[in-house]
Every structure is written in structure tokens, then in C-alpha cells.
Amino acid sequence: MANVAEFPSRQPEGDIRARWGEERQLLEAIRSGDRGAAEELVDRTYSAVFASLFRLCADSDLAADLTQETYQKAWAALPGFDGRSQLFTWLYRIAYTTFLNHIRRPRRVTSMDDDRVPEVSDGAPSAEQVLSANEESARLRAAVLRLPDNLRFTVTAHFWGGLAVKEIAGLEHITTVAIRKRLHKAFTLLESILDEDIT
Amino acid sequence: MNQNRKADLQRKLSMTSVPKPPAGLSERLKADIPKNLMSVERNRTRFSRSATFSLGIAASIIVVISSAYIALQVLSHSDTKIASAPPSMVSRRAAPASPQAEVTITLAENKKDLDKGQVSEVSKVVRRDENEEAFADARKKIAKSNSVVALESPKEKTEPASAVAAGAVAVGGAAAPVPATAEAPAPMLTRQAEDQVADRAAARPEAATMNVGRIAGTVVPPNELFGLSVDPLAFDRVRREIEQGERPAARSVDTSALINYFSQRDTAGRRGVQLDVEASRAPLAPENTALVRFTIETPRGAPAVFATGADLAITLNSTAVITHRLLGADELKSQSALLTNVSVTGLMDVKLRPAISPGTTIATLTLRYRALSDDRTHSITRVVHASDVERNWDSASRRHRLATLGAVWSESLTGTASPDDLARTAEKLATEEPDDLRARELAAAASASSRLRSSGPTGSGR
């Protein structure tokens, strides 16, 4: 789908390596006060951050607000970023935490069963198909958000944030095998949650 | 889960459609970039320097503490040779005085089956060979180390008449003198219990040797005395949670520390170690429930070790007491070193048998310590009678009422006591003496916590 944001993990390995070096330069430039570099960082990453947040909250306006909040936090936290993970991975962690904080805020809880029709790009299939797909997607999203914390982060980071298993393992300070086990467990749980909903 | 279903789920998760970011989002984000990114970096550098400095200080402290610890270990090792007394050397307190050295240890026999006519805690005296030379050597070394340490001297133990004279009953104003000589056995100590303790001590010679032979090089923990928490910040923590509209979690309520917070009195100018004991009916509790309060205070003065080897033994009369419970702690512990300017209060909840005569002894509390000033063991004994316990809570001292009400409030937070009428009683206590800050704080906290939604018992506090 043309409008689906691209994620770093879906790029060829060589590109990632090249980009890794670029990122370090970018980071150094930002740290030395280069505003242009900071803007370039935004350009490179904001659509992916927005996409991952949209997948979490299914609300375009809210995702935009959370994206803005994510970057505000990122600028404040930039001095503490050690550069050991990719910039996007680091940004995704901030975005995810921002989303969690948002749904935990009193009186601003996002409905998990929100079945509003999200904005769909031009050229989408028929309205009925879209509604049906959206209903299913909303059910799936609600099921994912009902997973235990560690499983939820793993699933959303991998599928909605586009992070590679290795990257998630680095973030969580566990092995890639453990991440795969988590994913397996999450699928089993998701299946039972979805079956529960149907019955 | 079959592979098809898994693949289907993976596909659905991966194929979630995403709209384009709203127009202008990029500009909004760029506008949020701090104007001076350099300042962020400068802050980072400053923070880094500050962290390095803090780490340096922390490392220095660790080195100093480690050195002190190693020095004490070396000294302890030399003293272990002194403590190689065979189990047969364990003797009773009533044994005649001998020129050999004595060190007192407490064997906490925390027995709950008082119905069987046994005592709850018994103090025993363990005798060991004198090795004056080695001990004096150890003392010199410790003095050189300039650390706060407690030494249990192997010198012959004597109980001066001045210390004995301090053993007057202070409960409920009934000042009947009580002989508290070292030779006299504890009043409620039964022969059977004595035998049991002696047998156990003999069966565990290594344990006795370990306690006796060690030079107790203990820096007094600031937040715990005699095994009772005196953490001064405990009340603030609970208050903060209540002010935020939350019912404090049971594990965050430190009953012992709250008792100590509310029982603090300004007793400036006191001389010598004091053991203040008071008893009354428990506030807002069934008729046969009483609370016995004991407060140990050391003299005012420059911070220094005042006494060593302090030990409080509480002996309960099984013919009068059905059950007992130390509030906010599991058991009392010996205090290897007592500093000046300390005050610690404990409360014991006792359920009494019905229709006991007023003269019946309920409990005997004996505090023993070795004063550094005269290097002698002193003991203070207080006896609580049934008549003291019968006393109405309203007629108890202000300190006692604040401490006990604080305890009841604390227990109401942990779900083990009912908050009914607590707020009103606390308010009444505060109104009696408007200048009493602690009473006002208790009234405000009790009132606020009584308004919190009840979340049911969450477990017992400490």
C-alpha cells in the first residue's frame, strides 16, 4: 500500500548499515547544534512514528498529537541517547511510552473498541469492504492492547513499529530467542482473545 | 495454534492500513525543535560532570566503609578465640557471682501458647572464660579505628545499687518499688521455661559461642532500634499518598515508625537511660484488649555511643494474658550500641483473661545495658499490673494516647483495624491541645484517610 509508511527493518541489510553510519553523523550534527540536521531527522522518521502510533490508537488526529509529544520528549532526552540502537528504535520506544501514558491518563482514555472508520487513502476498495476490514482490524487492535505488557510491546514493536526481532531484543535486554517465544505466546493469547470475542 | 491461523494473524497484523500523516505535521514537529540544541548538549556535559563527582564521593564512602568493615572483621577474628567456651559453661542467671566474665544474650522464645503456662521471652546469661588481655587489645584497636562500635566487655559484671534503685514501677502512677537485682530471676519465669531455654542453648553451642564471642561492631542503624522501625519519613510517605486520594498500600504503612512518629516528646535534659512504661485499654477496641507502651530514651548530649549490649526482655504472665502481639514488628532485637539522643517506642497489644484481680502482674519489662561511663551493666525493670491495664484510655498520658491512636490509625490503613470513630477520636485529641503539631497531623490524616474509598483489606502491615 503506497501510503503505508516504510520502516527501517524492512530495508535491505546493506541500506541499514549505510543508514546506521549516516545516523551517527546526523546525531553528531544535532549534538553540535545543527538545526538542519534536526529537521532532517524529523523528515526521515516522522511518518514512521506517526504510522506506528496510528496503528496503536487508530485515530489520525490523536496519532499526530502523540507524534508531536514524542518528538518533544525526544529532544529533551537526546543528550541521554547513547547511539547504541537505531534512532528510529529509540524514537519508537518513546512513542510507545507516550501512547501508554496517554491511555493511562484519567479522563483521556482511548476507547479500545473504537470502531470509527479511519481515514483511508484514495483508491481504497468499496465502502463495505473497508468497513468489514476496519471492523476486523479494530477487533485485532483491541485484542493486541489486551495482551500483557511485555507481549504487547513485542507484538506492536515488531508488526506495527516495524522493528526487527534483534532490535527489540536489544531494547528489552533479552535474547532474540526469548523475543520469538514472546511472539509465539502472544499469538496463542491473541487467538484465544479473538475467539472469546466471537463467542 | 495451527500454522495457518498464525500466518493469518501475522498477515492481519502486518497489513493494517495507515493514512498519510496530516498536512503540516512535519512543520509542527520542526517548529518544536529547541532553538538552541547546543544548550541541551551543554546540560548533558554538566550533568555528566556532576554525576562523575557524585560517583567519586560514593566511591570514597564505599572505600572508607569497606576499610572499617575489614578492620572489624580482623578484630572479630581475634576475639573468636576468646569465645571458645564449651556448652557446659551455659549457666543460669541466678548462679552466684564469680570472677569470670559474663555477657548477656537474649534468646527470644517467642512462644504464642501462653495457655500452656510458658513465658514469652526469657533472658539468659551465658558465661565464658575470661581473656582480659585479648579483649583489652581489641578495645585498643577499635579505639584507634575511630568508629562507632559497641563492645561487650568481659569484665566481671556487677549491678550497682543505683541501677537497682531505678526499678520503680512507673505505670499508672503506682510507684511500688521493685527489686531488680541481677541475681533475682524474672518474676514470671517458670522453672519449666528456664529448663527449656537452657536445653536449647546447650543443644546449640555454636550459636551461643557466636553471639557471645563476637565483638559487636555495629554502627547503630538510624531507622531501627531494638528491631523497631523509627523511620522519621514514614508518616510523610503515608500522608502524601492520602493527599493524592489514594489508600496507602499495606506494605508502605510502617506501623512501628508511625507509632514512633506520634510518640515523640521533647524530653530535653533527661539523664541516663529511661524506660517509660504505660498501659491502658486500647482505644476503639474490644473491652479485654489493652495496649502496653514502652519507651526507651537515652540522655541528651553530643552524638556518641552511650551504652552497649542493650536488651529489653518482656515477660508476660500466662495466667492473665490470652494472646499478645508486638505492633509493627515481629520481635524485639538486642541493640549492640545505644547512641545519645535516641527515643524508641513500642506497643504491645494484649488480650486479657476475664475477671483477673487488679493486683495481678500482666507483664514485666526489663531493660539491660552496659553504660560506657562506668563500664557496668545496669538494669531497669517495670511491672505492669492488671489495675494499670484496666485504666481508661482517656485518662492515659498524652504521649500514650497519641502513640496508641497512631497505631490504631496505622492498622486501619492496613485493613486490620476498623477506621470507625478513629477520625473523631483523633480530632478530639487534637482539640485538647491545639499547639500539639503531631496531634493535629494525626487528626488531619485520620480524617482524610477515613474519607478514602474503602478498597478492603490489602494485607497486614509490618
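## Working through a sheet and a helix pair

E7(B) and E11(B) pair in the antiparallel sense, with 9 bridges between them. The model is predicted, and the exercises below start from this pairing.

**Exercise 1.** Work out which residue of E11(B) stands opposite Phe294(B).

*Solution.* Start with the pair of strands: E7(B) and E11(B) are antiparallel. Then look across from Phe294(B), and you land on Gly346(B) in E11(B).

**Exercise 2.** Give the strand order of the open sheet of 4 strands in chain B, and name its edge strands.

*Solution.* Step one is the order, which reads E6-E7-E11-E9 with antiparallel pairing. Step two is to find the strands that pair on one side only: these are E6 (274–281) and E9 (321–326) of chain B. While you're there, check the twist, which averages 20° from one strand to the next.

**Exercise 3.** Find how many bridges join E9(B) to E11(B), then track down the partners of Arg325(B) and Leu326(B).

*Solution.* E9(B) and E11(B), the latter spanning residues 343–352, run antiparallel and are joined by 5 bridges. Now go residue by residue. Arg325(B) has Asp349(B) as its bridge partner in E11(B). Leu326(B) faces Met348(B), again in E11(B).

**Exercise 4.** Say which helix packs on this sheet and which strands it touches. Then decide how far E11(B) is enclosed by the rest of the structure.

*Solution.* The helix is H9 (residues 255–263) of chain B, and it touches E7 (289–297) and E11 of chain B. Compare directions next: H9 makes about 115° with E11(B). For the last part, count buried residues, taking 20 or more other C-beta atoms within 10 Å as the cut-off. In E11(B), 7 of the 10 residues are buried, so the strand is largely enclosed by the rest of the structure.

**Exercise 5.** Over in chain A, describe how H3(A) packs against H4(A), and sort the residues of their contact by type.

*Solution.* Get the geometry first: H3 (residues 60–77) and H4 (residues 87–104) of chain A pack at about 125°, with axes 9 Å apart. These helices are therefore oblique to each other. The crossing of H3(A) past H4(A) is right-handed. Next, list who meets whom: the H3(A) side includes Leu66(A), Glu69(A) and Lys73(A), while the H4(A) side includes Ile94(A), Phe99(A) and His102(A). Sorting the residues of the contact of H3(A) with H4(A) gives 7 nonpolar, 3 polar and 2 charged.

Methods
Residues are numbered from 1 along each chain as its sequence is written. Chains are lettered from A and ligands numbered from 1 in the order in which they are written. This is a predicted model: local features need pLDDT of at least 70, side-chain atom pairs count only at pLDDT 80 or more; totals for chains, interfaces and linings use all residues. Axes are lines fitted to C-alpha atoms, for helices over the stretch in contact, and angles run from 0 to 180 degrees between N-to-C directions. Helices (H or I, at least four residues) and strands (E, at least two) are DSSP runs, numbered from the N terminus. Angles under 35 degrees count as roughly parallel, over 145 as roughly antiparallel, 65 to 115 as roughly perpendicular and the rest as oblique. A crossing is left-handed if the near helix is turned anticlockwise from the far one by less than a right angle, and right-handed if clockwise. Two residues are in contact if their C-beta atoms, placed from the backbone, lie within 7 Å. Ala, Val, Leu, Ile, Met, Phe, Trp, Tyr, Cys and Pro count as nonpolar, Asp, Glu, Lys and Arg as charged, and the others, Gly among them, as polar. Two strands pair if DSSP finds at least two bridges between them. A residue is buried if 20 or more other C-beta atoms lie within 10 Å of its own, exposed if 12 or fewer, and partly exposed in between; C-beta atoms are placed from the backbone.
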